[in-house]
Amino acid sequence: MDATKTILETVDRLRQRRTAPLVLELDLTEGLAEGPPADPLGALLSMRKARLTDVLSGLKRARRDPRVQALIVKIGGVPLGLGMVQELRTAVVKLRAAGKLTVAFAETFGEFGAGTVPYYLASAFERVYLQPSGDVGLTGVALQQQFVRDALAKAGVEYQLGQRHEYKTAANMFTQNRMTEAHRESAARIAESVTEQITAGVAEGRSLDPERVRQLIDQGPFIGAEAVEAGLVDGLKYRDEVYAETVGEDARLLYVSRYAKSALPGRLPRPAADVVALVHGSGSIRLGRSGRSPLGGGGAMGSDTICAALRAARRDEKVRAIVFRVDSPGGSYVASDAIWREVVLAREAGKPVIVSMGDLAASGGYFVSMAADLIVAQPGTLTGSIGVFGGKPVIGELLGKLGVVTETVAEGANAGMFSTTREFSDGQWERVNAWLDRIYADFVGKVAEGRRLDRDRAHELARGRVWTGADAMRHRLVDEIGGLEDALIMARRRADLPKNAPVRMYPRMHPLERLRPPESSEDRSAARARVQLEAWGPVARIAADLGLPAYGPLVLPGSWTIR
């Protein structure tokens, strides 16, 4: 009898657990991962991070789940990109519209620092609470660029770089000592566009007049009590007070990502169903496989990995459409072109390809996107940058100051062309510029073809200029404003799939497959990522000339982070 009673009590507890009211939680202290890790180290480093795809899936499911009563999100810590913030805001607004309580809590929106974007996220919630000691750093948008040309010259370093064209400003920090007119024009428009988006979002979320929000931005930052008086937050509360007010006695707390992965009651998986493939491409684009440096620099989008994923999705009979999620500042032209080709082949195979842009899809990030059937971006996505730059640092003078003697034996007039110890000759510089002209012409030509634009119009929109997603849509460089959820809806619609058609991640691999050598380039395990110590770009060459190890990838600065 005792055993039977214990079993019944256990069953009853499990039943109550499955049917109890739910309050979902999301802790953004560690940030969010854009997609699945590209390598084992990435998986280790992101263990405490929720994935954006899981959060969006969980919030979508919560809208129609009667068990879910509320959502509490802790905002703070690691900054999120503007595109990701806008994706979360949209999901929160839809959850509010479904009648669920949404609560944002922060210890501070910028502790004696900028907090505009974190507060912009919070403004989408029905209630916004701030710890009594916190502040609201609503101060607007500032884009800052540092220039190191004169500092490098003092050290004996000069950069020889060509660019196509005047708005391709990523290399300006090495070749200029202040903003050019084109650089300032582009940056000013980005700041203006982002400010318009933030002002409109805060005004709508907090039921304030847009002009009043613009005034508040100029008055910030705010002490907590001032923020309450201005209507920016609803109250000053500690975490325990927020939870005591929001979570009922019978409610069960559950992280959104765990909720997203839990099975729906009474629903079984459908392994034979047609699916939408989701391919994630994050980080700087390079030849080879995706990976990262253990000593910093983040992940990389390897052309081998992404091409294999797109190829596998194209050949899978169950895949009816492909969503390609792109979050990249660009990188290798050749690697970008290889990925572009796989997108074209997928379309030619009759499988619609929808690109969903994250925070950043610029330069090579736009190159890999432009052949898609549809491009979806957030208003604050930074995209475009259709152009190219290239060259090298010249450190011969620096080496001489350090007492480093370099001697070269070569066969071939241009064998030492890419050495960083000497400048390009006039003939070599002509070859560099011919290379840049060829790449730019190819890039603009493919933009014109993919976006159905006149070539002159494509060049006018290109010239290396960075656009926000909102401006890019006005210029037909993107098709729709929206996020990953919108892209999946469009993909299902294009493929005539039901609204609840499942999504399958690519490449599909069991973890153990990563440990065995691939049988061929067609083997799906050939797409596996790798962990390695390596350096990219100028740092690798300089370190080699100095006889030093170069650890960690370097991406030339020039893109902006908006906080």
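Tutor: His165 is found in the loop between β8 (158–164) and α7 (172–175). Keep in mind that this is a predicted model.

Student: What makes the bond that joins Arg164 and His165 a cis peptide bond?

Tutor: The value of omega: for Arg164 and His165 omega is about 0°, and the bond is cis. A cis peptide bond also joins Gly220 and Pro221, with omega at about 5°. Pro221 is in the loop between α9 and β9 (222–223).

Student: What is said about phi of Ser363?

Tutor: Phi of Ser363 is near 55°, a positive value in a residue other than glycine. Ser363 lies in the loop between β17 (353–362) and α15 (364–367).

Student: Is Ser363 called buried or exposed, and why?

Tutor: Buried means under 20% relative accessible area. Ser363 has 12%, so Ser363 is buried.

Student: How do you know that the length of α17 agrees with that of a helix?

Tutor: Helix α17 (residues 426–450) has 25 residues, and at 1.5 Å a residue they should span 36 Å. The end C-alpha atoms of α17 are 36 Å apart, so the two values agree.

Student: How does α3 do in that test?

Tutor: The 12 residues of helix α3 (residues 52–63) should span 16 Å, and the end C-alpha atoms are 17 Å apart, which agrees.

Student: Why is α3 called largely enclosed by the rest of the structure?

Tutor: Because nine of its 12 residues are buried. Among them are Leu52, Val55, Leu56 and Leu59, and also Asp54 and Arg61.

Student: Where is Asp65, and why is Asp65 called buried?

Tutor: Asp65 is in the loop between α3 and β4. Its relative accessible area is 7% and the cut-off is under 20%, so Asp65 is buried. Leaving aside residues up to four places away in sequence, Asp65 touches Lys100 and Tyr259.

Student: What makes Ala501 buried?

Tutor: Its relative accessibility is 2%, so Ala501 counts as buried. Ala501 is in the loop between α20 (484–494) and β23 (503–506).

Student: What is the order of the strands in the open sheet of six strands?

Tutor: The order is β10-β6-β5-β4-β1-β11, with parallel pairing.

Student: Why do β10 and β11 stand at the edges?

Tutor: Each has a single partner strand, so one side of β10 (235–236) and one side of β11 (252–255) are left without a neighbour in the sheet. Strand β1 (residues 22–27) pairs with β11 over four bridges, in the parallel sense. Leu24 stands opposite Leu254 in β11.

Student: How do α8 and α9 meet?

Tutor: The axes of helix α8 (residues 181–206) and helix α9 (residues 210–219) come within 9 Å and cross at roughly 115°. The crossing is right-handed. Residues of the contact include Thr195 and Val202 of α8, and Val213 and Arg214 of α9. The residues of this contact divide into five nonpolar, two polar and one charged.

Technical notes
Residues numbered from 1 in each chain as written. Predicted model: local features only at pLDDT ≥ 70, side-chain atom pairs only at ≥ 80, totals over all residues. Heavy atoms only, no water. Helix = DSSP H or I, 4+ residues; strand = E, 2+ residues; numbered from the N terminus. Expected span 1.5 Å × (residues − 1). Buried < 20%, exposed > 50% of the residue type's maximum accessible area, 1.4 Å probe, protein only. Pairing = 2+ DSSP bridges. Axes fitted to C-alpha atoms, helices over the stretch in contact; angles between N-to-C directions. Left-handed = near helix turned anticlockwise from the far one by under 90°. Contact = heavy atoms within 4.5 Å. Nonpolar A, V, L, I, M, F, W, Y, C, P; charged D, E, K, R; others polar.
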